[in-house]
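Good morning, and thank you for coming.

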Amino acid sequence: MLRRMRVSLTFASALAAGLALSAPARAEPYAQEIETARALAQDFQKSLKSALMKAISEGGPQNAIGVCNVRAPQIAADLSQRSGWRVGRTALKVRNPGNAPSAREEAVLRSFQKSLAAGKDPKSLEAVAVVETGDGRSLHYMKAIPTGEVCTTCHGKDVDPELLATIRETYPQDEAVGFEAGELRGAFTFYKPLEAN
């Protein structure tokens, strides 16, 4: 379904290539929707970080695994229900295979990586396009998630062996390790169905 999507000709070819945007003017027809998506991404990030910090303060890093495993999908589902957007997370190296990127998401993530390598501020990295899916046209928005210091506890290069064993038990197909602070961890991803023209 979404993996077979093709980018609509509504936007410039740069968007079709999945390049990161820094200027929202390129998506003027959907400026209001994009502002909503930005707000949702900020809400998701704040809610997730708050839940992680609380879990760590109450029970250490082991306690944070449940936040990413259970609480993060709940936050996404709550935001989806409230907003009408389909909300999720994805990455090039995922912990949960259910979060694997579509072809378009992968292209955007790789463009985010290049932008970071070129010195761009990770907080400015976003991408938007109108995509065609089996269900019709949707607005697709992505916002980069940089690796924070707290993230390296479970996703870094030197994870505590006992903690790593628990992670492997929870996520047998885990690929999301070896990160350094400041690297691209992944992205928030949002889809909103559009009315037919």
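The chain has six helices and five strands, where helices (H or I, at least four residues) and strands (E, at least two) are DSSP runs numbered from the N terminus. Read from the N terminus on, the order of the elements is β-α-α-α-β-α-β-β-α-α-β.

Before going further, a word on the basis of these values. This is a predicted model, in which local features need pLDDT of at least 70 and side-chain atom pairs count only at pLDDT 80 or more, while totals for chains, interfaces and linings use all residues. Residues are numbered from 1 along each chain as its sequence is written, and side-chain values use heavy atoms, with hydrogens and water left out.

The chain has 197 residues, of which 42% count as buried; buried means under 20% relative accessible area, exposed means over 50%, and partly exposed lies in between, with a 1.4 Å probe and protein chains only. Taking contact as heavy atoms within 4.5 Å, 71% of the contacts between residues at least 6 apart in sequence join residues at least 24 apart.

Let me turn to the helix packing. The axes of helix α2 (residues 31–59) and helix α3 (residues 61–83) come within 9 Å and cross at roughly 155°. α2 is therefore roughly antiparallel to α3. Axes here are lines fitted to C-alpha atoms, for helices over the stretch in contact, and angles run from 0 to 180 degrees between N-to-C directions. Angles under 35 degrees count as roughly parallel, over 145 as roughly antiparallel, 65 to 115 as roughly perpendicular and the rest as oblique. The crossing of α2 and α3 is right-handed, that is, the near helix is turned clockwise from the far one by less than a right angle. The residues of this contact between α2 and α3 comprise 15 nonpolar, five polar and four charged. In this scheme Ala, Val, Leu, Ile, Met, Phe, Trp, Tyr, Cys and Pro are nonpolar, Asp, Glu, Lys and Arg are charged, and the others, Gly among them, are polar.

α3 also packs with helix α6 (residues 161–170), their axes coming within 10 Å and crossing at roughly 25°. This angle makes α3 roughly parallel to α6. Here too the crossing is right-handed. From α3, P61, Q62, I65 and N69 meet E162, L163, T166, I167 and T170 of α6. By class, the contact of α3 with α6 has four nonpolar residues, four polar and one charged.

How many salt bridges are there? The count comes to eight, a salt bridge being a side-chain nitrogen of Lys or Arg within 4 Å of a carboxyl oxygen of Asp or Glu. One joins E126 and R38, at 2.5 Å from N to O. E126 lies in strand β3 (residues 126–133) and R38 in helix α2, so this pair links distant parts of the chain, 88 residues apart. E126 and R38 are both buried. With E35, they are linked in a network of salt bridges, E35, R38 and E126.

A second salt bridge pairs R110 with E106, at 3.1 Å from N to O. These two residues are four apart in helix α4 (residues 103–117), which means that about one helical turn separates R110 and E106. R110 is partly exposed at a relative accessible area of 41%, as is E106 at 32%.

Finally, K157 forms a salt bridge with E180, with the closest N and O atoms 2.8 Å apart. K157 lies in the loop between α5 (152–155) and α6, and E180 in the loop between α6 and β5 (184–193), so the pair ties together parts 23 residues apart in sequence. K157 counts as exposed at 59% relative accessibility, whereas E180 counts as partly exposed at 40%.
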